[in-house]
Amino acid sequence: MSGVEVLSAREVPLGGPRAMTVRRTLPQRARTFIGAWCFIDHYGPDDVATTGGMDVAPHPHTGLQTVSWLFSGEIEHRDSLGSHALVRPGELNLMTGGHGISHTEVSTPRTTVLHGVQLWVALPEEHRNTGRDFRHHVPGPVHRDGAVIRVFLGSLAGDTSPVPSFTPLLGAEIVLGPHASTTLDTDVSFEHGLLVDQGDIRTSGTLLRPAELGYLAPGNATVTLTNESDAPARAVLVGGTPFEEQIVMWWNFVGRSHEDIVRARQDWEAASERFGHVDGYPGERIPAPSLPNATIAPRGNPTHPKGTR
């Protein structure tokens, strides 16, 4: 089994009228993708009475899918497809932006503690202008060697999500009991990332602590996870075949060139029908930030792996 590249999180403010701080582990200089996963935000546990919770006004997306997964709390989702859904713990909400979509995310009044992850998937060139879509799925728990696994995308531990993806992907929540260890069969062609939410988890000889993301290169037929904590540990395992394309990712847009981003921004600022309209949000849209003075260059993964720990 290959070594683990450890990616640390950086704190960034989430946009909107009420900014909340999130921990971002992807993308960063060392790595742009894990499979087609191109963005990982990890937030909470936040006491909503203190932080005000999440209130993200209408904002656009292109060229990607958003994956919402909660550990606690509840978020109300509305989008320009007409979807109106609640994001709850253990339930997948997947939104496809494609050519263009807009949506809102607001924690509900009954939420006391908000805690979860927001993930993005880059769409491949042949599908990046696909139509808007929204899927909801509640995976059942799979019990394995002191672990409880919920597979929300792809296949793991004998369970397969019915939600389709545009590239081969894996997404699963794994909760390990105190000092539990489990070995999972994995697709040898996949690269994987393990985001630790709570507890200390050892994999491939490397100890990962909360908010760290461990990267495993392709070539692993199994992944062994060991909880070295006296309390339950929780992590999100993502994976996929290496994404060979380069992308330009700026604000909420994924394109292939600087011009793609300029056009998407212009369309959003002009209230183009490209992004539609979100009904039911009592406030204004989020304006697009100013573009940088320099041309935004496409990025892919580094050719050679960075150092491991």
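This briefing walks through the overall fold, the surface and the salt bridges of the protein above. The model is predicted, so local features need pLDDT of at least 70 and side-chain atom pairs count only at pLDDT 80 or more, while totals for chains, interfaces and linings use all residues. Residues are numbered from 1 along each chain as its sequence is written, and side-chain values use heavy atoms, with hydrogens and water left out.

**Overall fold**

- The protein has two helices and 26 strands; these are DSSP runs (helices: H or I, at least four residues; strands: E, at least two), numbered from the N terminus.
- For 309 residues, a compact globule would have a radius of gyration near 19 Å, and the 19 Å of the protein agrees with that. This radius is taken over C-alpha atoms, and the globule rule is 2.2 Å times the number of residues to the power 0.38.
- Along the principal axes, the C-alpha atoms fill a box of roughly 55 × 45 × 35 Å.
- Among contacts (heavy atoms within 4.5 Å) with a separation of 6 or more, 72% come from residues 24 or more positions apart.

**Surface and charge**

- Of the 309 residues, 55% count as buried, meaning under 20% relative accessible area, with exposed over 50% and partly exposed in between (1.4 Å probe, protein chains only).
- The accessible surface comes to about 12600 Å², and carbon and sulfur atoms hold 49% of it; the areas come from the Shrake-Rupley method with a 1.4 Å probe, and for residues only the protein chains shown count as cover.
- There are 25 positive and 34 negative charges, and their mean positions are 3 Å apart. Lys and Arg count as positive, Asp and Glu as negative, and His and the chain ends are not counted; each charge is placed at NZ of Lys, CZ of Arg, CG of Asp or CD of Glu.

**Salt bridges**

- The whole structure holds 14 salt bridges, each a side-chain nitrogen of Lys or Arg within 4 Å of a carboxyl oxygen of Asp or Glu.
- Arginine 31 and glutamate 5 form one, with the closest N and O atoms 3.3 Å apart. Arginine 31 sits in the loop between strands E3 (21–26) and E4 (37–47), and glutamate 5 in strand E1 (residues 4–7), 26 residues apart; both are buried.
- Aspartate 41 pairs with arginine 24 at 2.6 Å, N to O. Aspartate 41 is in strand E4 and arginine 24 in strand E3, so the pair ties together parts 17 residues apart in sequence; both residues are buried.
- Aspartate 197 and arginine 234 meet at 2.9 Å, N to O. Because aspartate 197 lies in strand E19 (residues 191–198) and arginine 234 in strand E24 (residues 233–240), their bridge ties together parts 37 residues apart in sequence. Aspartate 197 is buried at 10% relative accessible area, and arginine 234 is buried at 15%.
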